[in-house]
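Please open the model in the viewer and keep the selection panel at hand.

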Amino acid sequence: MKKKPRIGKIGVLCSGGDGPGMNAALRAVVRAGLSYRLEVAGIMRGYQGLIENEIVPMGPRSVSNIINRGGTILKTARSAEFRTDKGQARAVAVLKKRGIDALVVIGGDGSYLGASSLYEKWGIPTVGIPGTIDNDLHGTDQTIGCHTAINTALDAIDKVRDTAHSMERIFIIEVMGNRSGYLAMEVALAAGAEDVIVPEFKPDYQALCTNIQAGNKKGKVSWMIVTAEGGAKAEVVAQTITNMTGLETRAVVLGHVMRGGTPCGADRLLSTRLGVAAVEAIREGNFGVALGVIRDKLNIIPLADARKRDNDIYQERLRLIRMLR
Ligand code: F6P
């Protein structure tokens, strides 16, 4: 049997795009770590900060009043250098020098790739917490930030709806989600949008325009169409519809607005549970793993398996969106 390494000090970092709830996860990691009498080090600016030795000690008060704050107090970054062996070697040397025995990584698929390399190639004990608004990771029903991002998009779309109805226009709303259509599908259904475009299906502009024209003949005055950034750009969709129908169309890109704001209750709960679970996984010698919650139960899988997610919500959501328009 492999001997459990002695863990006296853990590091924690946020990496990739921030999401609401990352601070709540950080708070839980720090306070759970301290309650198990571990030392906790906060690594600034993700893997890049690790390479550059930007590390601060974390006490219980370092994470006061952050459970409700969006973004991350540790800051975050995408590091090209860390994707190289040389960069990883520098990061490992810093971990050794600073006496950090295990690392908690809060981030999405790119961050998991890094955490997986640190474990597999360099033998550094790592644990991943799914922090991304995209909800594109395997092994968890939801990722931290996606609930809030959906609510933020709905809030914006409800406002656009007022002007869409008043001016009798077609609006194309572009939402984030990287290569995944998850956010777009959920947002479209919850917003009562007429249609949705996602990277998982080829857009059918002919069908879309035929529907708009048929609807208009029956007295429909405004349209709300949600597009995923990885599916089609809002400007392109708007221009295509105008070219094909002659109807006035406007594009709204929600973009980074979706990443900000106070995390909602569901995101805080998920973050808090997973932050504690990360520390407990380390104490149990469970490394190279990604944490999640499935049907309210903690779920632990290898980091490498968490990186690809096939969402199975699309057909059902699409059917409802189109039935109810
Ligand atoms: O992964 C989170 C995310 O917000 C994606 O939805 C989006 O494609 C990407 O990050 C944007 O990244 P950046 O902030 O680097 O432009």
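Begin by selecting Asp 136, Arg 179, Ser 180, Lys 308 and Arg 309, which lie nearest the centre of the second largest pocket, among the 13 residues that line it. A pocket here is an open set of points, on a 1 Å grid over the protein atoms alone, where a 1.4 Å probe fits, with protein on both sides within 12 Å along at least five of seven lines; lining residues have an atom within 4 Å of a point. The lining of this second pocket comprises one nonpolar, four polar and eight charged residues. In this classification Asp, Glu, Lys and Arg are charged, Ala, Val, Leu, Ile, Met, Phe, Trp, Tyr, Cys and Pro are nonpolar, and the others, Gly among them, are polar. The second largest pocket holds about 240 Å³ of space.

The model is predicted: local features need pLDDT of at least 70 and side-chain atom pairs count only at pLDDT 80 or more, while totals for chains, interfaces and linings use all residues. Residues are numbered from 1 along each chain as its sequence is written, and side-chain values use heavy atoms, with hydrogens and water left out.

Next, select Gly 16, Arg 78, Asp 109, Gly 110 and Ser 111. These residues lie nearest the centre of the largest pocket, which 29 residues line. Its volume is about 540 Å³, and its lining divides into six nonpolar, 13 polar and 10 charged residues. Colour residues 109-120 to show helix 4, which contributes six residues, the most to this lining.

Finally, inspect the polar contacts (pairs of N or O atoms within 3.5 Å). A polar side-chain atom of Glu 229 is 2.4 Å from a ligand oxygen. An N or O atom in the side chain of Asp 134 lies 2.7 Å from an oxygen atom of the ligand. At Gly 177, a polar backbone atom is 3.1 Å from a ligand oxygen.

Conventions:
Polar contact = N/O pair within 3.5 Å; in protein donor to acceptor, adjacent residues only side chain to side chain. Points joined across faces, edges and corners; volume = space filled by probe spheres on them. Helix = DSSP H or I, 4+ residues; strand = E, 2+ residues; numbered from the N terminus.
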